[in-house]
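Open the model in your viewer and keep the sequence panel beside it. This tour goes from one selection to the next and says what is there.

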Amino acid sequence: LPARELETILLHELGHLKRGDLWRQAFLQLALAVHWFNPLVWLAVVLARVDRELACDEFVLAHASSEQAANYDRTLLHLVQFSRPG
């Protein structure tokens with residue numbers, strides 16, 4: 001990946017770190033382990049993950065330079081293409 005894309009990816013991951021998402025995910029995994037049979041807990045875990053990712057995307061847009069923010073959508077598309085099998 002080009003350096004400018006790596007910078008925005010790193011900024012996204014720093015957003016997770018600043019927000020304390022690792023601890024939140026640990027708590028959700030514990031809740032899921034205890035309430036594995038409850039579909040509402042599964043739904044809550046999935047929705048929390050989506051919210052965390054969107055919040056970190058907003059973090060990138062708020063803290064990136066204007067050029068980085070303008071290219072962030074292309075970075076995400078590049079990652080989707082990069083992660084596809086085949």
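Which residue forms a salt bridge with Arg24? Select Asp21 together with Arg24: the two form a salt bridge, and their closest N and O atoms are 3.3 Å apart. Keep in mind throughout that this is a predicted model.

**Stop 1: the charged network**

Stay with this pair for a moment. Asp21 and Arg24 are three residues apart in helix H2, so about one helical turn separates them. Arg24 has 42% relative accessibility and therefore counts as partly exposed. Salt bridges with shared partners join Arg24, Asp21 and Arg19 into one network.

Arg19 forms a salt bridge with Asp21, and here the closest N and O atoms are 3.3 Å apart. Is Asp21 buried or exposed? Its relative accessibility is 3%, so Asp21 counts as buried. Arg19, at 31% relative accessibility, counts as partly exposed. The count of salt bridges comes to two. As background, side chains of opposite charge can pair when their charged atoms come close.

**Stop 2: helix H2**

Select residues 21-34, which are helix H2. H2 has 14 residues and reaches 20 Å from its first C-alpha to its last, close to the 20 Å expected at 1.5 Å a residue. Color Asp21, Leu28 and Leu32, the buried residues of H2. Look down the helix axis: these buried residues fall within an arc of 40°, so they line one face of H2. Turn to the other side of H2 to find Leu22, Trp23, Phe27, Leu30 and Ala33, which are exposed. What covers the buried residues of H2? Show H1 and H3, which are included in that cover.

**Stop 3: helix H1**

Then select H1 itself, residues 3-19. This helix has 17 residues, and its first and last C-alpha atoms are 24 Å apart, close to the 24 Å expected at 1.5 Å a residue.

Which residues of H1 are buried? Color Glu5, Thr8, Leu11, His12, Gly15 and His16. Seen down the axis of H1, the buried residues fall within an arc of 150°, so they line one face of the helix. The face turned away from this buried side carries the exposed residues Ala3, Leu10, Leu17 and Lys18. To see what covers the buried residues, show helix H2 (21-34), helix H3 (39-63) and helix H4 (66-83), which are part of that cover.

**Stop 4**

From the buried face of H1, pick Leu11. Leaving out residues up to four places away in sequence, Leu11 touches Phe59, Val60, His63 and Ala64. In soluble globular proteins, nonpolar side chains tend to be buried together.

**Stop 5: Thr8**

Move to Thr8, which also lies in helix H1. How much relative accessibility does Thr8 have? The value is 1%, so Thr8 counts as buried. Show the side chain of Thr8 and the backbone of Glu5: a polar atom of that side chain lies 2.9 Å from the backbone oxygen of Glu5. Apart from residues up to four places away in sequence, Thr8 touches Val60, Gln68, Tyr72 and Thr75.

**Stop 6: helix H4**

One of the contacts of Thr8 is Gln68, and Gln68 is found in helix H4. With residues up to four places away in sequence not counted, Gln68 touches Glu7 and Thr8. Zoom in on its side chain: a polar atom there lies 3.1 Å from the backbone nitrogen of Ser65.

Finish at Asp73, another residue found in helix H4. Its relative accessibility is 44%, so Asp73 counts as partly exposed. Select Asp57 as well and compare positions: Asp73 and Asp57 are 16 residues apart in sequence, and their C-alpha atoms are 9.7 Å apart in space.

Methods: Residues numbered from 1 in each chain as written. Predicted model: local features only at pLDDT ≥ 70, side-chain atom pairs only at ≥ 80, totals over all residues. Heavy atoms only, no water. Helix = DSSP H or I, 4+ residues; strand = E, 2+ residues; numbered from the N terminus. Expected span 1.5 Å × (residues − 1). Buried < 20%, exposed > 50% of the residue type's maximum accessible area, 1.4 Å probe, protein only. Arc of directions from axis to C-beta. Contact = heavy atoms within 4.5 Å. Salt bridge = Lys/Arg side-chain N within 4 Å of Asp/Glu carboxyl O. Polar contact = N/O pair within 3.5 Å; in protein donor to acceptor, adjacent residues only side chain to side chain.
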